[in-house]
Amino acid sequence: MDIQYNEEVVSQIAEHFESILQLLGEDPQREGLQKTPMRAAKALYYATNGYRMNPAEVMKQAIFEYAGSRLVVVKDIEIYSFCEHHILPFFGKVSIGYIPNGNMIGLSKLARVVDVFARRLQVQERLTAEICKEVFDTLSAKGVIVVCSAQHLCMKMRGVEKQDSSTTTIDYLGAFAEDPDLRNQFFESLKH
Ligand SMILES: [Zn+2]
């Protein structure tokens, strides 16, 4: 994803990173760290670029007429996000199912919508719900279901969690809320 860096904002973030390095007991002037504040600022700006994007606009670029009415499943979209409590990464996969209502969305755009919400400070539950609601509203789908599985570095690095455990969140709207069979059909399709 190409992004436009706001030079003024990025350089202000870099100044803060320099202070943080000092507060941690580092010497920001030593050779390995001289460019670190600017690099870290750019990396953080990039990783939170979802704040500066409109998910509905991203989706509307790739909505096509489609007469089908069967379940569409897009599986294992990678996500990288930051937990809003510790500003440490969480990462994993999102799978989305929807029942079309006269149109469909290009698969790569669905992945970009996931990025728009993931590239912000998040909690996994809200990330899952926001993706679900956005696809439901913007696509006018008959139903949407989203499942997200992720590992949280704030848990792993602080030793709160066993190293191999992950967290799964699920949200659904419309037909998936009304029909458990439809939800089962979705979960069944994820196994293959
Ligand atoms: Zn956290």
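Q: Let's start with helices α4 and α5: at what angle do their axes cross, and within what distance do they come?

A: Happy to begin there. Two packed helices are described by the angle between their axes and the distance between the axes. In this predicted model, α4 covers residues 107-118 and α5 covers residues 124-139. Their axes come within 10 Å and cross at roughly 135°.

Q: What word describes how α4 and α5 lie to each other?

A: An angle over 145 degrees would count as roughly antiparallel, and 65 to 115 as roughly perpendicular. The α4 and α5 pair crosses at roughly 135°, and the two helices are therefore oblique to each other.

Q: Is the crossing of α4 and α5 right-handed or left-handed?

A: The crossing is right-handed.

Q: Which residues make the contact?

A: From α4 come V113, V114, F117 and A118. On the α5 side the contact is made by L127, E130, I131, E134 and V135. Sorted by class, the contact has 7 nonpolar residues, 2 charged ones and no polar ones.

Q: What is the phi of S140, and where does S140 lie?

A: S140, a residue other than glycine, has a positive phi near 50°. S140 lies in the loop between α5 and β6, where β6 is residues 143-152. With 13 C-beta neighbours inside 10 Å, S140 counts as partly exposed.

Q: Let's turn to S69. Where is S69 placed, and which residues does S69 touch?

A: Look in the loop between β1 (63-65) and β2 (72-83). Leaving aside residues up to four places away in sequence, S69 touches I99 and P100. S69 counts as exposed, because 11 C-beta neighbours lie inside 10 Å.

Q: Where is N184 found, and is N184 buried or exposed?

A: N184 is found in helix α8, residues 180-190. Its 10 C-beta neighbours inside 10 Å are why N184 counts as exposed.

Q: Stepping back, how many helices and strands does the protein chain have, and which domains are assigned?

A: The protein chain has 8 helices and 7 strands. The domain assignment gives domain 1 (7-47) and domain 2 (57-190), with 33 Å between their centres, taken over C-alpha atoms. Along its principal axes, the C-alpha trace spans about 60 × 40 × 25 Å.

Q: What share of residues counts as buried, and what share of contacts joins residues 24 or more positions apart?

A: Of the 192 residues, 28% count as buried. Among contacts with a separation of 6 or more, 72% are between residues 24 or more positions apart.

Note on methods:
Residues numbered from 1 in each chain as written. Predicted model: local features only at pLDDT ≥ 70, side-chain atom pairs only at ≥ 80, totals over all residues. Domains from an automatic or database assignment. Helix = DSSP H or I, 4+ residues; strand = E, 2+ residues; numbered from the N terminus. Buried ≥ 20, exposed ≤ 12 C-beta atoms within 10 Å, placed from the backbone. Contact = placed C-beta atoms within 7 Å. Axes fitted to C-alpha atoms, helices over the stretch in contact; angles between N-to-C directions. Parallel < 35°, antiparallel > 145°, perpendicular 65-115°, else oblique. Left-handed = near helix turned anticlockwise from the far one by under 90°. Nonpolar A, V, L, I, M, F, W, Y, C, P; charged D, E, K, R; others polar.
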